[in-house]
Amino acid sequence: MLTEMPRRAGGVPLIAEVFPEQCSAAIAYPVVGVLSSKKRLTSVFMACVLRITGVGTEEDHERYSLHGNAWTEATGEAGAMLTANTVTGVPRTIIGMVATNAPWRAAPKLSSAVAAACATGAFGIFYSNIWEMSAALSTPRLLMISLLAMTLMVVWLIISGNLWERPKREGPATVHLYYNLSTVLTLYLSVLGLYLAMVLLIFLAGLVVIDPDYLESVIKRPASLDRYLDIAWMSAALGVVAGGLGASFDDETDLRSLTHGRRENQRRPKELRD
């Protein structure tokens, strides 16, 4: 069984676990590493097959071993387990969870947010005060403003969508920490993609709409491409904040399918969800 859900054992992410009596094995795809080659996944698969069947020479087991990862032998309470590297296991798991969340799938689910963001961002093209403010701010401050705007949108999406996972009695807190970290990173990547797309569109629109001579007369500085980029950067930050608010007014906005915790909950029988 290949699952997208992270698994842990003894405080370490678990790549695979073999259950010989049931002739089965479970492989946690995020822990294997979504950025890994097919050869790595094939090696884990074949290693599980060898342990399920109980055949294969020592050379066969060595052939399908993973560098830095070790199998623990089966006990009376648990099957044989392949644990991740203690150093790279957790980062690999989080990155794998973010990749399986597919941040690019968030765009169709944020139609109202995108509309509100684009409308507010476009407003910056016609509002001279934004031109003056963007010209007066330093690059580090503009970067801080954009980071703050994206953070506000991510926080708002998590709160309005009730995406924060809380530990339950039957679930270890660390697993929920994985869920929450992957959710935050997934939303950040989604919002970052939206932000960069808005910067590009506003920048191109500004070049068409804003006359260089008029821009220079307003900001009292040369109307270089950097100034147009500053305007786009500032306008996009305002648009992202408005986009977060716009998402809360859309009944169709549902980001819960992007999170591991919600997908796991949907797979459970109804009587076990609460």
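Student: Which helix is L207 in?

Tutor: L207 lies in helix α8. Helices here are DSSP runs of H or I of at least four residues and strands are runs of E of at least two, numbered from the N terminus. Keep in mind that this is a predicted model, where local features need pLDDT of at least 70, side-chain atom pairs count only at pLDDT 80 or more, and totals for chains, interfaces and linings use all residues. Residues are numbered from 1 along each chain as its sequence is written, and side-chain values use heavy atoms, with hydrogens and water left out.

Student: Is L207 buried, exposed or partly exposed?

Tutor: L207 counts as partly exposed, because its relative accessibility is 35%. Buried means under 20% relative accessible area, exposed means over 50%, and partly exposed is in between, with a 1.4 Å probe and protein chains only.

Student: What is L207 in contact with, leaving aside its neighbours within four places?

Tutor: L225 and Y228. Contact means heavy atoms within 4.5 Å. As for I125, it is 82 residues from L207 in sequence, and their C-alpha atoms are 9.5 Å apart in space.

Student: Which residues make the nonpolar surface patch?

Tutor: F126, L200, L204, L207, V208, V209 and L225 make a nonpolar patch of about 720 Å². Patches are made of residues with over 30% relative accessible area and no salt bridge; nonpolar side chains (Val, Leu, Ile, Met, Phe, Trp, Tyr) are joined within 5 Å, like charges within 9 Å. Areas come from the Shrake-Rupley method with a 1.4 Å probe, and for residues only the protein chains shown count as cover.

Student: Which helix gives the most to the patch?

Tutor: Helix α8, residues 173-209, with five residues. F126 belongs to helix α5, residues 111-126, and F126 is exposed at a relative accessible area of 60%.

Student: Switching to charges: how many salt bridges are there?

Tutor: The count comes to one. The rule is a side-chain nitrogen of Lys or Arg within 4 Å of a carboxyl oxygen of Asp or Glu. Side chains of opposite charge can pair when their charged atoms come close. Here D230 pairs with R227, with the closest N and O atoms 3.6 Å apart.

Student: Where do D230 and R227 lie?

Tutor: Both are in helix α10, residues 225-247, three residues apart, or about one turn of the helix. D230 is buried, with a relative accessible area of 14%, while R227 counts as partly exposed at 22%.

Student: OK, α7 next. How far does α7 reach?

Tutor: α7 covers residues 139-160, and its 22 residues reach 32 Å from first C-alpha to last, close to the 32 Å expected at 1.5 Å a residue. The expected span is 1.5 Å times one less than the number of residues.

Student: Which residues of α7 are buried?

Tutor: L142, S146, A149, M150, M153, V154, L157 and I158. Seen down the axis of α7, those buried residues fall within an arc of 165°, so they line one face of the helix. The arc is that of the directions from the helix axis to the C-beta atoms. On the other side of α7, P140, M144, L148 and I159 are exposed. Just after α7, N162 takes a positive phi of about 55°.

Student: And α6, which residues are buried there?

Tutor: In α6, residues 128-136, they are I130, W131, S134 and A135. Down the axis of α6 they fall within an arc of 130°, so they line one face too.

Student: Which other residues of α2 are buried?

Tutor: Besides S43, they are R40, V44, A47, C48 and L50. The buried residues of α2 fall within an arc of 160° seen down its axis, so they line one face. The face of α2 turned away from that side carries the exposed residues K38 and K39.

Student: And how about the protein overall?

Tutor: The secondary structure comes to 11 helices and six strands. Of the 274 residues, 42% count as buried. The protein exposes about 15100 Å², with carbon and sulfur atoms supplying 62% of it.
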